[in-house]
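Here are a few notes to go with the structure, starting with the sheet. Have a look at it first, then read on.

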Amino acid sequence: MSNQLQNIIRQQKQQNFSTNEQKDDNIVQLVGFIVGNEEFAVPILSIQEIIKPIEWTKVPFTPNFVLGVFNLRGNVLPLIDLRKKFGASKAEFDDDVRFIVIKVGDELAGFVIDRLTEALRLEESSILPPPDTNTERDAMIEGIGRKDDRIITILKIKSLLKMEG
């Protein structure tokens with residue numbers, strides 16, 4: 001398991017949980033979402049907010065997966081289309097599409113997702129290391145979570161902001 005995921009687990013343990021939640025020492029809290037035909041998740045502590053799509057402005061000379069920028073309460077944030085970043089086929093925005101605003105250090109960015117699934121609580125033991133296939137996409141994968149009959153790709157939030165495709 002990577003240092004970043006271990007730090008997130010450590011932060012979650014330090015928070016004040018109720019008596020029932022204190023028994024769940026080895027639980028990782030994530031937010032799940034769909035992009036294309038796959039389910040992904042990011043640590044819940046990295047999410048600033050989740051909003052319905054709002055107007056954005058295109059910016060020239062940016063990678064194709066950067067849709068542009070949008071204004072969120074006075075902050076101008078880049079808007080990254082995860083479908084394009086992950087090489088999924090293009091789809092029109094529907095009522096389920098959301099922007100997830102994620103904070104990485106001092107940086108904020110918005111990410112377009114197809115739809116939210118749920119808040120997830122996974123045991124550490126149900127998270128496997130990413131497969132070792134040495135692709136650029138693998139650099140974005142923190143681990144592979146298992147919940148019931150679902151496989152959930154847990155993303156590295158720092159890698160999402162990198163401008164390579």
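1. The sheet is an open one of five strands, in the order β3-β6-β7-β5-β4, with mixed pairing. Strands here are DSSP runs of E, at least two residues, and helices are runs of H or I, at least four, numbered from the N terminus; two strands pair if DSSP finds at least two bridges between them. At the edges sit β3 (47-51) and β4 (66-72), each with a single partner strand, so one side of each has no neighbour in the sheet. From one strand to the next, the twist averages 25° (axes are lines fitted to C-alpha atoms, angles run from 0 to 180 degrees between N-to-C directions).

2. Before going further: this is a predicted model, where local features need pLDDT of at least 70 and side-chain atom pairs count only at pLDDT 80 or more, while totals for chains, interfaces and linings use all residues. Numbering runs from 1 along each chain as its sequence is written, and side-chain values use heavy atoms, leaving out hydrogens and water.

3. Now for β6 (residues 98-104) and β7 (residues 107-113): they run antiparallel and are joined by seven bridges. V101 has G110 in β7 as its bridge partner.

4. Over at β4, six antiparallel bridges pair it with β5 (residues 75-81), and V66 stands opposite I80 in β5. Their hairpin has two residues between the strands, and R73 there takes a positive phi near 50°. Five of the seven residues of β4 are buried (under 20% relative accessible area, 1.4 Å probe, protein chains only).

5. Lastly, S159 lies in helix α4 (residues 157-160). S159 is buried, at 9% relative accessible area, and touches K85, A139 and M140, leaving aside residues up to four places away in sequence (contact means heavy atoms within 4.5 Å).

Key
Buried means under 20% relative accessible area, exposed over 50%, partly exposed in between (1.4 Å probe, protein chains only).
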